[in-house]
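Hello,

Here is the structure I promised to pass on. Please open it first, then read my notes below.

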Amino acid sequence: MSSSDNQEINRICIDVQEDCPVPVWIEHVFPFVETVLTHLDLRSWELSILFCKDPFIQKLNAKYRNMDMPTDVLSFEQGDTYVDENGQEWFSAGDIVISIDTLQRNSETFEVPVDEELKRLLIHGILHLDGYDHADNSPEQEMLQFQEKILAQFADVHIIC
């Protein structure tokens with residue numbers, strides 16, 4: 001698709017759960033996600049990203065994974081396609097939910113910058129929506145190795161400055 005086309009490449013909706021303060025870096029999430037999707041050659045995708053606090057993601061984790069504890073990121077695949085009023089086909093990839101509380105905790109626990117951990121969680125969610133999965137969180141998992149390879153390619157890109 002040429003840059004002169006007026007068609008969108010992807011549709012990305014980013015929101016913050018109502019009891020969660022809006023992060024100052026929120027405006028930088030869209031361009032990062034768009035760049036990752038383009039890098040992975042994922043076009044005509046629709047996805048949403050919701051940032052929340054631990055209690056909200058804990059309820060989702062309990063309901064959908066039977067794990068009554070907060071987690072860092074959840075992905076909910078949709079996987080449907082449809083054609084819009086302009087005749088363009090779209091892939092409804094699904095939703096990514098990220099806990100800002102756990103993001104911060106992971107950054108401290110793993111001794112990595114919050115920016116790096118945020119990029120990791122966004123990439124992780126995108127890979128799940130693209131059909132990747134992992135049995136556990138061991139570094140030997142193929143998906144997690146691919147995630148870290150992608151993350152390394154975006155080491156110089158910053159969401160949180």
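Start just after helix 2: asparagine 66 has a positive phi there, about 55°. Keep in mind that this is a predicted model.

Now helix 2 itself, residues 54-65. Its buried residues are Asp54, Ile57, Leu60 and Asn61. Viewed down the helix axis, they fall within an arc of 125°, so they line one face of helix 2. An α-helix has 3.6 residues a turn, so residues three or four places apart point the same way. The face turned away from the buried side of helix 2 carries Lys59 and Lys63, both exposed.

What covers those buried residues? The cover includes strand 2, strand 3, strand 4 and helix 3. Helix 2 lies across strand 2 (45-52), strand 3 and strand 4. Its direction is at about 70° to strand 3. Helix 3 (residues 100-109) lies across strand 2 and strand 4, at about 65° to strand 4.

Four strands make up an open sheet with mixed pairing, in the order 1-2-4-3. Strand 1 (11-16) and strand 3 (73-83) are at the edges. Each has a single partner strand, so one side of each is left without a neighbour in the sheet. From one strand to the next, the twist averages 15°.

Phenylalanine 76 stands opposite aspartate 95 of strand 4.

Best wishes

Technical notes. Residues are numbered from 1 along each chain as its sequence is written. This is a predicted model: local features need pLDDT of at least 70, side-chain atom pairs count only at pLDDT 80 or more; totals for chains, interfaces and linings use all residues. Side-chain values use heavy atoms; hydrogens and water are left out. Two strands pair if DSSP finds at least two bridges between them. Helices (H or I, at least four residues) and strands (E, at least two) are DSSP runs, numbered from the N terminus. Axes are lines fitted to C-alpha atoms, for helices over the stretch in contact, and angles run from 0 to 180 degrees between N-to-C directions. Contact means heavy atoms within 4.5 Å. Buried means under 20% relative accessible area, exposed over 50%, partly exposed in between (1.4 Å probe, protein chains only). The arc is that of the directions from the helix axis to the C-beta atoms.
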